[in-house]
Amino acid sequence: MRLHGREVDFRISVLPSSKGEKVALRILDKSQATLDLDKMGFDKKSLGEIQKGAMRPHGMILICGPTGCGKTTTLYSILDYINSPEDNVITVEDPVEYIIDGINQVTARPGIGLTFAGALRSILRQDPDIIMIGEIRDFETVDIAIKAALTGHLVLSTLHTTTAAGSVTRLINMGVEPFLMTSSIILVGAQRLVRKICPNCKESYELDSDVAESFGIKTGGKKALLYKGKGCDLCRKTGYKGRTALIEILMLTPKIKALILESAQEYKILEAARSEGMKTLRENGIALVLEGVTTLDEVVRVTVGNQDLEAG
């Protein structure tokens with residue numbers, strides 16, 4: 001639709017149910033999209049790791065998370081960061097969401113046989129420098145993608161897993177050999193979106209120290225000063241306005257590679273990564289809570305902390 005001089009895309013799904021038709025809408029306002037890594041809301045350490053990994057001449061970068069968590073937007077932002085006239089950049093997506101100047105974008109059409117894997121085979125004959133695959137869904141796609149990463153291409157893609165460490169287990173379950181992962185993958189990022197506190201009705205409140213400590217907020221026995229939105233006309237009484245991204249980055253360091261080659265369990269990979277300085281989604285979320293960007297409720301809603309795992 002064209003609204004107020006700008007084009008807005010709607011992705012509509014209709015499902016017949018026992019009580020009538022259920023409709024889900026995904027709205028994409030391209031004019032409001034932020035394809036800038038610096039403005040995604042990532043913490044400085046994670047941002048630096050993504051930028052450093054994106055400048056590598058070959059290898060694979062994976063962004064993971066559930067549907068609608070901004071994975072594709074992050075990949076576009078990485079492409080925008082590294083895109084230059086000297087590079088041959090080709091993407092295969094389903095569908096193409098943003099048109100970027102200087103990039104060759106292909107829409108997958110499984111109905112006529114133009115699958116991710118099929119398009120990827122053709123793309124490799126086009127002498128690409130950088131390849132973006134909208135989503136890795138099966139072994140055939142990931143197999144070609146890894147081979148492309150091993151033969152001198154930078155490959156960007158997404159995967160449906162909940163954590164960065166969990167993506168290793170997912171790839172092994174898909175049939176990828178551990179030694180191929182350690183040779184090709186540069187980093188894995190797991191991402192979520194949280195709502196930001198409305199700046200117009202933002203107010204502070206105190207949280208009991210024992211509750212704060214249970215979420216990893218150090219208070220020294222005093223009450224923690226946090227923020228929330230009271231609700232106003234600007235935010236339609238929700239207390240939230242806009243969204244920002246959380247990300248955890250798993251770098252494939254020698255220690256992590258050794259664990260992958262041993263087919264180690266997810267929790268062991270996570271422990272090793274945290275010992276090397278990785279911040280989890282929950283930890284990065286708590287940092288935004290303390291900065292007054294989002295609320296504790298939002299971070300708890302979209303992330304899993306150690307206390308949640310213990311309770312489970």
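Helices here are DSSP runs of H or I with at least four residues, strands are runs of E with at least two, and both are numbered from the N terminus. By that definition T74 lies in helix α2, and I will come back to this residue.

First, the basis. This is a predicted model, in which local features need pLDDT of at least 70 and side-chain atom pairs count only at pLDDT 80 or more, while totals for chains, interfaces and linings use all residues. Residues are numbered from 1 along each chain as its sequence is written, and side-chain values use heavy atoms, with hydrogens and water left out.

Now the overall picture. The protein has 12 helices and 12 strands. Its radius of gyration is 21 Å, close to the 20 Å from the globule rule for 312 residues, so the protein is as compact as a globular protein of that length. That radius is taken over C-alpha atoms, and the rule is 2.2 Å times the number of residues to the power 0.38. The C-alpha trace spans about 60 × 55 × 50 Å along the principal axes.

Buried means under 20% relative accessible area, exposed means over 50%, and partly exposed is in between, with a 1.4 Å probe and protein chains only. On that scale, 45% of the 312 residues are buried. A contact means heavy atoms within 4.5 Å. Of the contacts between residues at least 6 apart in sequence, 65% join residues at least 24 apart.

Next, helix α1, residues 44-54. Its buried residues are S46, L47, E49, I50, Q51, G53 and A54. The cover over them includes β4 (59-64), α2 (71-82), β8 (154-159), β9 (185-197), β12 (240-251) and α10 (281-290).

Back to T74 in α2. Is T74 buried or exposed? T74 counts as buried, because its relative accessibility is 0%. Leaving aside residues up to four places away in sequence, T74 touches M40, F42, I63 and Q191.

Last, helix α9, residues 266-275, where I269, A272 and A273 are buried. These residues cover an arc of only 100 degrees around the axis, which puts them on the same side of α9. The arc is that of the directions from the helix axis to the C-beta atoms. What do the buried residues of α9 pack against? They pack against α5 (164-173), β12 and α8 (254-261). On the face turned away from the buried side sit the exposed residues E271 and S275. Just after α9, G277 takes a positive phi of about 105 degrees.
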